[in-house]
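Here is a report on one protein chain. Please view the sequence and the model side by side while reading.

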Amino acid sequence: MTSQSPDIKISVETETPIRAPSAVPVDDAVLPFEVSALDLRGRLTRLGPALDEILTKHDYPPPVGKLLGEAIVLTTLLGSALKFDGRFILQTQTDGPVSFLIVDFQAPDRLRAYARYDAKRLTAGQNSAALLGKGHLAMTIDQGPDMSRYQGLVALDGGNLEDAAHEYFLRSEQIPTRVRLAVGEEWRGGEGPKHHWRAGGMLLQFLPKAPERARQPDLHPGDAPEGVVTHTVAEDDAWVEGQSLISTVEDVELIDPDLSGERLLYRLFHERGVRVFSPLPLRAQCSCSRDAVSAMLKSFAPQDRADMVKDGKVVVTCEFCSSIYDFTPDEAGVE
């Protein structure tokens with residue numbers, strides 16, 4: 001395993017910096033890596049305090065918190081690939097008990113998220129697919145006010161977020177991709193809060209130098225006559241091996257607070273050789289502020305602002321971080 005760590009030894013045969021995988025777990029970070037022997041590149045996310053801060057700002061039932069945690073992990077895996085100071089926004093709108101969720105990643109490291117759900121429709125044993133139901137998932141890349149937005153849409157039809165991610169890359173990016181997401185609740189003894197949210201995820205992509213090696217089967221045309229044999233493409237052996245390896249990753253490995261990301265990658269890819277790069281830190285931070293909320297209030301029609309006055313003041317609560325902002329009618333622009 002190679003890295004830009006100062007604890008480096010140079011191999012005489014390969015002239016490549018080599019060291020043992022670090023045993024020190026690093027939370028709230030994305031660890032990019034590559035397996036050059038298989039033409040694989042990927043990212044590994046481990047979330048601890050940042051995820052816990054986001055989820056505990058709302059009293060989410062455990063299944064809802066787990067689903068939103070999965071969305072946060074997926075967003076970090078995708079948003080951390082941005083090469084500019086923009087935003088990656090993942091959003092779902094569905095007919096399930098969790099009708100809406102949004103995760104906002106602002107490059108290079110800021111995260112915030114929120115979920116809307118109907119508590120009356122939550123039942124025991126519901127998995128992520130059942131909580132989402134049917135609808136769509138939108139992934140938006142915002143490069144700033146002077147650039148056009150890019151948005152990809154994926155239908156949610158009874159699958160989970162991993163399924164949606166695979167469908168997105170198949171249809172939009174046409175890059176062979178596999179994603180693993182895991183979220184769990186950690187309970188530990190000692191003083192202070194004993195319950196914490198943890199999450200982890202891995203994204204693996206097949207990126208050979210020869211593009212024909214990455215070819216995938218054609219999408220079903222939808223209106224082909226019955227009995228027509230669809231076009232098939234044999235998968236490259238390297239990608240078959242990559243998929244086989246990522247499929248062995250257990251949820252507990254992705255969220256284990258005592259297992260470092262480097263050791264997990266070494267477990268998977270040591271036979272082929274894995275190279276890791278500098279980790280990309282993540283943090284929970286909302287972008288709301290009193291000035292931003294004030295500007296938002298002034299964008300409403302005068303009558304709408306007047307209707308917001310309750311008990312002689314206007315109170316606005318941020319849906320993302322639950323911060324509360326109080327304004328007098330005059331401050332809110334009420335005439």
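Which are the buried residues of helix α1 (residues 49-56)? They are Ala 50, Leu 51, Asp 52, Ile 54 and Leu 55. Buried means under 20% relative accessible area, exposed over 50%, and partly exposed in between (1.4 Å probe, protein chains only). Helices (H or I, at least four residues) and strands (E, at least two) are DSSP runs, numbered from the N terminus. The buried residues of α1 pack against β4 (40-47), α2 (62-79), β7 (110-117), β11 (195-206) and β14 (283-284). Contact here means heavy atoms within 4.5 Å.

**Basis and confidence**

The model is predicted: local features need pLDDT of at least 70, side-chain atom pairs count only at pLDDT 80 or more, and totals for chains, interfaces and linings use all residues. Residues are numbered from 1 along each chain as its sequence is written, and side-chain values use heavy atoms, with hydrogens and water left out. pLDDT is the predictor's confidence in each residue, from 0 to 100. The chain has a mean pLDDT of 88, with 89% of its residues at 70 or more. Residues 1-14 stay under 50 in pLDDT; the model has 32 contacts for them beyond four places in sequence. Where pLDDT is low, the predicted coordinates should not be read in detail.

**Asp 28**

Asp 28 sits in the loop between β2 (17-18) and β3 (29-35). Asp 28 is buried but has no salt bridge. A salt bridge is a side-chain nitrogen of Lys or Arg within 4 Å of a carboxyl oxygen of Asp or Glu. Arg 198, the nearest side chain of opposite charge, is 7.1 Å away. Lys and Arg count as positive, Asp and Glu as negative; His and the chain ends are not counted. Beyond four places in sequence, the contacts of Asp 28 include Pro 49, Ala 50 and Leu 51, and also Leu 280, Pro 281 and Leu 282.

Arg 305 belongs to helix α9 (residues 302-307). Arg 305 counts as buried because its relative accessibility is 9%. Outside four places in sequence, Arg 305 touches Leu 297, Lys 298, Phe 300, Ala 332, Gly 333 and Val 334.

Met 308 lies in the loop between α9 and β15 (314-317). Its relative accessible area is 25%, so Met 308 is partly exposed. Met 308 touches Leu 297, Phe 300, Lys 313 and Val 314, not counting residues up to four places away. The C-alpha atoms of Met 308 and Val 334 are 9.1 Å apart.

**The six-stranded sheet**

An open sheet of six strands runs β9-β8-β5-β6-β7-β14, with mixed pairing. β9 and β14 are the edge strands, each pairing on one side only. Two strands pair if DSSP finds at least two bridges between them. Strands β5 (residues 87-94) and β8 (residues 134-142) run antiparallel, joined by eight bridges. Thr 92 has Leu 137 as its bridge partner in β8.

Leu 156 lies in β9 (residues 150-157). Leu 156 is buried because its relative accessibility is 3%. Its contacts beyond four places include Thr 92, Leu 137 and Ala 164. From Leu 156 to Leu 137, C-alpha to C-alpha, is 6.5 Å.
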